[in-house]
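Here's a quick tour of a protein fold for anyone new to reading structures.

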Amino acid sequence: MIKIKILMSLLLWQLAVYAQTPVSILLKNATIIDGDANVKPFKGSVLIKDGKIYSISASAPKTINAKTKVIDCTGKFITPGLMDSHVHLGTGDLTDLKKAYATTDSIMKNLLVHGITTVRDMAGNAPFLAECKKKVQDGKVPGPDIYYAAQFAGPGYFAMMGAGRKGEEDLGKNPWYRAIRSKADVKPAIADAKKAGVTGIKIYASLSKELIREITNEAHQQGLLAWAHGAIFPSKPMDVAQSNVNSMSHANDLVFQQIKGDTIEIGAAWAQLYKGLKLDTNVRDQMLLEMKKRGTFLDPTVFHAENNKMMNAALITRRANELGVKIVAGTDWIFPSKNESVPLLDEMKLLAAKCGMSNLQVIQTASLNGALVTGLKDRGVVRAGKRADLLILNADPTKSLETFDQPEFVIQKGEIVKK
């Protein structure tokens, strides 16, 4: 009797393990767009196992496991999953957490069904974001993989912000919104941010160039990335670039480098801009070449800029691309919570239409470059061994980016996403 119970237990355990084993997927006869613009599209088949791309072959394998799900992609196109490198999912009203989570859950689902499989959140409430991230990882809520930042600024910035966002207190005094007054604050502040689960420090405002460098160096020492605004008043864009940050956000901000003086005052700088500050192309090029030399990514947020009548962003981004500066697609925009088009597509279309990029280059900004700026080496390209975050498209994205609006299939970590 005991032996029978043991055998039954073993059988049930084996059945449970078998039931949890992911089904392999074969995507056959597709045109594959790698994610690196230097790789030409090619015909092939992609075999997915255990959440990763197992193999890519010129033709479909002749023998496959009977449990493998086969999708005929003849006439279709495979790309990496998209990444929005500038979102804010944790900055809303958090006074009613149940309501806030419900809204964010809906936003995340809409992101995913539109092919956005990863996001870089550029500062928000870390515990809220950590919970959103965990729910996605645990399969409780459909959504993109989330990587997030802590926001560091001088005390003047947080004083200007007042009592903080709804549902939060002590703005500037917690690990994810931290006021930095001196060099002594930096090391413990970054250690606290790391404990809060951040991937990078967003260096934001009201900081000297010395403190920007200190924050950047210490972030790198502690294994975190440094993501900065293009201008961190009173510090100028060149001060930011020369601190070796990993990325600089908002191409429009780079125009402030041409304002005379060693520092810039925020009110006066924006007043000059709105009076029609003319772009100095020599200063622009010096700024961009410094970024290129240091491998600094530009997160231009062109869609955001155009909606705020800041037309320098497209001009600067166009020149950045010509000079070889690495560019990522990010929106810094409000995402709809229902099944509506996402602003990342608007950003991508502007990068093509106004910034001189080929569609392959645009796809790289929203895949490979997004992964690299976030320190991720496991995704962003369609290659064996990489995480299987993939899109199957019905039309050729090298001819029209509109096809990204309605992917036929979204595959995240080797599983087909339900619409």
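Let's start with the strands: β1 (residues 25-32) and β5 (residues 77-80) run parallel, and 2 bridges join them. Keep in mind that this is a predicted model.

**Strands around β5**

- One spot to look for here is P80, whose bridge partner in β15 is L390.

**Helices α5 and α6**

- Two packed helices are described by the angle between their axes and the distance between the axes.
- For α5 (residues 183-195) and α6 (residues 209-221), the axes come within 10 Å and cross at roughly 30°.
- Angles under 35 degrees count as roughly parallel, so α5 is roughly parallel to α6.
- If you're checking the handedness, the crossing of α5 and α6 is right-handed.
- On the α5 side, the contact is made by K183, V186, K187 and I190, while α6 brings in L211, E214, I215, E218 and A219.
- Sorted by class, that contact has 5 nonpolar and 4 charged residues, with no polar ones.

**Helices α2 and α3**

- Here the axes of α2 (residues 97-113) and α3 (residues 126-137) come within 11 Å and cross at roughly 50°.
- The α2 and α3 crossing is right-handed.
- From α2, the residues L97, A100, Y101, T104, D105 and M108 meet P127, F128, E131, C132, K135 and V136 of α3.
- This contact of α2 with α3 has 8 nonpolar residues, 1 polar residue and 3 charged residues.

**The whole protein**

- Zooming out, you'll find 14 helices and 17 strands in the protein.
- How compact is the protein for its 419 residues? Its radius of gyration is 23 Å, close to the 22 Å from the globule rule, so the protein is as compact as a globular protein of that length.
- Along its principal axes, the C-alpha trace spans about 80 × 55 × 35 Å.

Conventions. Residues are numbered from 1 along each chain as its sequence is written. This is a predicted model: local features need pLDDT of at least 70, side-chain atom pairs count only at pLDDT 80 or more; totals for chains, interfaces and linings use all residues. Side-chain values use heavy atoms; hydrogens and water are left out. Two strands pair if DSSP finds at least two bridges between them. Helices (H or I, at least four residues) and strands (E, at least two) are DSSP runs, numbered from the N terminus. Axes are lines fitted to C-alpha atoms, for helices over the stretch in contact, and angles run from 0 to 180 degrees between N-to-C directions. Angles under 35 degrees count as roughly parallel, over 145 as roughly antiparallel, 65 to 115 as roughly perpendicular and the rest as oblique. A crossing is left-handed if the near helix is turned anticlockwise from the far one by less than a right angle, and right-handed if clockwise. Contact means heavy atoms within 4.5 Å. Ala, Val, Leu, Ile, Met, Phe, Trp, Tyr, Cys and Pro count as nonpolar, Asp, Glu, Lys and Arg as charged, and the others, Gly among them, as polar. The radius of gyration is taken over C-alpha atoms; the globule rule is 2.2 Å times the number of residues to the power 0.38.
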